Amino acid sequence: MPRKGMRSLCFSPETPSFRRSVSPPSRASMSIKHRRGFSELSVEQTIAASAALFAKWDIERPSYARVTSLFYESKGEAVNFIRSVNDLHKIMHFLPNDRGSGSEKLAQAQRLLQIAMKRLQKEFYQILSMNRAHLDPESVSTRSSRTSTQSSFSDYDYDASPDSGIGAVGDSISEVKEVSFMAMSDLKLIADCMISCGYAKECVQIYNSIRKSIIDEGIYKLGIEKLRSSQINKMEWDVLNLKIKDWLEAMKISMRTLFTGERILCDFVFSSSDSIRESCFSEITKEGAVTLFGFPEVVAKAKKSPPGKIFSLLAMYAAISDNWQEIETIFSFDSTSAVRSQALNSLTRLSDAVRSLLSDFESTIRKDSSKSMVPGGGLHPLTVYSMKYLTFLADHSNILTDIVSNWPLPAKSSPPESYLYSPVSIGSPASAISVRISRLILVLLCKLDSKAKHCKDAAVSNLCLANNLQHVISAVHKSNLRYLLGQDWIAKHEAMVNQFAENYERVAFGNVFASLPKNPTAPMTPAEAKECFRKFNVSFEAAYWKQISMVVPDSKLRDQIKASIGRKLVAVYRKFFDNHISAIGDEKSVTLFIRFFPEDVGNYLSDLFIRTGGSGSSSSSSSKSHRPHLQSPSKA
């Protein structure tokens with residue numbers, strides 16, 4: 001509410017609070033010496049001065065003071081008002097409550113104190129209401145420490161003259177911070193006075209009512225609402241995911257400003273009473289905080305579990321875990337233990353849900369029903385999906401380490417289908433998340449190995465294993481997985497890729513290799529040379545048409561396989577060609593028995609592994625016009 005509305009604000013405190021008489025504290029411990037310190041003259045002077053000042057600001061009199069604010073009009077007079085209240089309350093300790101003049105003075109002092117408390121109650125309400133913008137949690141949280149709660153009358157040594165300012169404090173802080181601090185200081189001054197005079201209940205009721213509405217409004221504006229599991233289960237994942245994103249943002253704001261600011265304000269205003277500041281903070285924030293920290297638990301217990309949900313759960317786990325120290329500090333009171341318990345319950349539920357989803361992921365790999373390999377030996381969709389999933393998991397390795405550190409691996413009674421790819425040596429030092437990730441990759445590779453066994457073409461089987469394992473290694477290289485699995489793991493699996501590639505070459509081009517003599521330069525008869533050329537023509541053409549449909553997506557592996565085949569085939573064939581072409585005879589015989597010159601073989605090999613099918617078309621442009629035409633077996 002704007003400050004200009006302060007002059008017209010009317011406030012009516014509850015009448016019952018002021019009908020009681022204020023009994024003076026027990027005087028059993030008061031010494032006669034202290035009692036004599038207050039002369040009858042000083043008592044009368046104190047009562048008279050208080051009566052005059054309190055009458056001026058009596059909210060029940062039809063005067064200007066009824067519709068304005070003491071602290072707004074004059075800080076100096078406000079300080080004098082508080083000082084008078086304290087002085088009045090102090091002399092009440094020494095006034096006798098038996099019949100006589102002393103009893104009459106005590107009754108008069110009690111009436112004056114009630115008048116003063118009504119005014120301070122109104123001032124407390126006005127300051128809280130009028131300064132909602134300056135006492136919002138964000139403004140309050142800019143204070144450097146919750147320990148800055150000391151205040152005394154020395155803070156309010158205002159000059160009552162019209163030309164006086166509010167002191168040097170405004171020279172060093174911004175206007176917003178200045179107004180925030182002054183409002184907090186005024187509240188503390190009033191709260192200290194009301195509490196010392198026995199009016200803590202009235203002070204706390206006003207404070208809790210206004211401040212709780214601010215916190216509740218903040219929680220509402222952040223989009224936090226109390227939801228049941230049944231409501232979560234009815235939501236579409238896209239809708240729930242948006243709510244999770246809203247919660248993550250709300251968590252940042254709540255911990256940075258909302259709850260932090262309120263704790264600072266409570267600690268400052270009620271620094272004179274540990275029990276009051278605890279009860280106020282608990283009353284104001286506990287409900288909203290429990291709702292905030294309870295949302296992840298409800299989401300974690302929801303039945304719907306799409307694969308991508310794990311990353312949202314990890315984000316919520318991180319939001320609570322990263323702020324755990326602040327949660328314990330802000331909600332350190334015994335009365336706010338329910339908040340800490342709720343946050344801990346959410347961490348536990350999120351941890352359980354993440355573990356369950358990891359188990360589901362492993363189960364999904366194991367239960368993949370497709371038995372055939374991808375045509376052409378390409379990447380299996382299971383490989384692409386699994387490595388994308390694991391790559392994202394690696395980005396949350398710190399959080400996952402907390403979650404899986406005490407989670408035992410499945411029993412050895414149910415091992416993977418094959419031990420061909422054992423990723424971690426037994427007894428080798430490895431973090432819990434590294435072991436878990438390596439196991440999931442192991443399950444994937446073993447599943448691919450079982451699929452390869454169903455393939456009738458050994459060349460396709462080996463090429464597919466090489467391609468998919470190379471994709472796994474590439475994904476590891478390009479992500480945080482490389483830090484989790486280590487260089488030894490990568491080197492071991494790169495050796496496996498090389499072995500699969502060699503197996504592919506041997507099976508796919510074995511007949512071509514075998515068509516050439518072991519010693520290409522050894523002497524042979526023209527008939528033997530012609531037969532050797534004929535076998536090479538047939539075997540190479542057959543191998544070419546069969547392997548032209550093979551694919552190797554990884555350029556490094558593709559070049560590696562081509563280079564290896566070229567070294568074993570082109571070089572040997574060139575030697576054989578150069579040594580025995582003369583034995584073939586005239587040009588007609590050469591045309592009849594020699595279909596491939598050495599450069600033709602190299603050009604045809606360059607076509608391999610870049611096609612998407614068996615159409616026979618090539619994306620290579622190298623020396624096509626000089627190649628002999630090869631007729632596809634399907635068109636023969």
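**Notebook: helices and aromatic contacts**

I looked up Phe-259 and found it buried, with a relative accessible area of 0%. I note here that the model is predicted. Phe-259 has its place in helix α11, which covers residues 237-269.

**Aromatic pairs**

I counted the ring pairs and got 28 aromatic pairs.

How accessible is Phe-533, buried or exposed? Phe-533 counts as buried, at 0% relative accessibility. I have Tyr-573 as buried too, at 0% relative accessibility.

I looked at a further pair of Phe-533, the one with Phe-577. This pair is edge-to-face, with 6.3 Å from centre to centre and 90° between the planes. Phe-533 in helix α22 and Phe-577 in helix α23 are 44 residues apart, and I noted the pair as a link between distant parts of the chain. For Phe-577 I have a relative accessible area of 6%, so this residue is buried.

Which residues do ring pairs link into a cluster with Phe-533? I listed Phe-536, Phe-540, Tyr-544, Trp-545, Tyr-573, Phe-576, Phe-577, Phe-596, Phe-597 and Tyr-604 along with Phe-533.

**Packing of α22 and α25**

I next turned to helix α22 and its packing with helix α25, which covers residues 598-606. The angle is about 15° and the axes lie 11 Å apart. The cut-off for roughly parallel is under 35 degrees, and I therefore wrote down α22 and α25 as roughly parallel to each other. I recorded the crossing of α22 past α25 as left-handed.

**Charges over rings**

I checked for charged ends over rings and kept two entries. Arg-436 has its charged end over the ring of Trp-407, at 3.8 Å from the ring centre. Arg-263 has its charged end over the ring of Phe-281, at 5.7 Å from the centre.

**Helix spans and burial**

I read off helix α18, residues 432-452. From first C-alpha to last, its 21 residues reach 30 Å, close to the 30 Å expected at 1.5 Å a residue. Of the 21 residues of α18, 19 are buried, so I describe this helix as largely enclosed by the rest of the structure.

Helix α13 spans residues 309-322. Its 14 residues reach 20 Å from first C-alpha to last, close to the expected 20 Å. Why do I call α13 largely enclosed by the rest of the structure? Eleven of its 14 residues are buried. Among them I noted Lys-309, Phe-311, Met-316 and Tyr-317. The buried residues of α13 also include Ile-310, Ser-312, Leu-313 and Leu-314.

My last entry is helix α9, residues 200-221. It has 22 residues and reaches 31 Å from first C-alpha to last, close to the 32 Å expected. Just after α9 I found Gly-223 with a positive phi of about 80°.

Definitions and conventions:
Residues numbered from 1 in each chain as written. Predicted model: local features only at pLDDT ≥ 70, side-chain atom pairs only at ≥ 80, totals over all residues. Heavy atoms only, no water. Phe/Tyr/Trp six-rings, centres within 6.5 Å; stacked < 30°, edge-to-face > 60°. Buried < 20%, exposed > 50% of the residue type's maximum accessible area, 1.4 Å probe, protein only. Helix = DSSP H or I, 4+ residues; strand = E, 2+ residues; numbered from the N terminus. Lys NZ or Arg CZ within 6 Å of the ring centre and 35° of its normal. Expected span 1.5 Å × (residues − 1). Axes fitted to C-alpha atoms, helices over the stretch in contact; angles between N-to-C directions. Parallel < 35°, antiparallel > 145°, perpendicular 65-115°, else oblique. Left-handed = near helix turned anticlockwise from the far one by under 90°.
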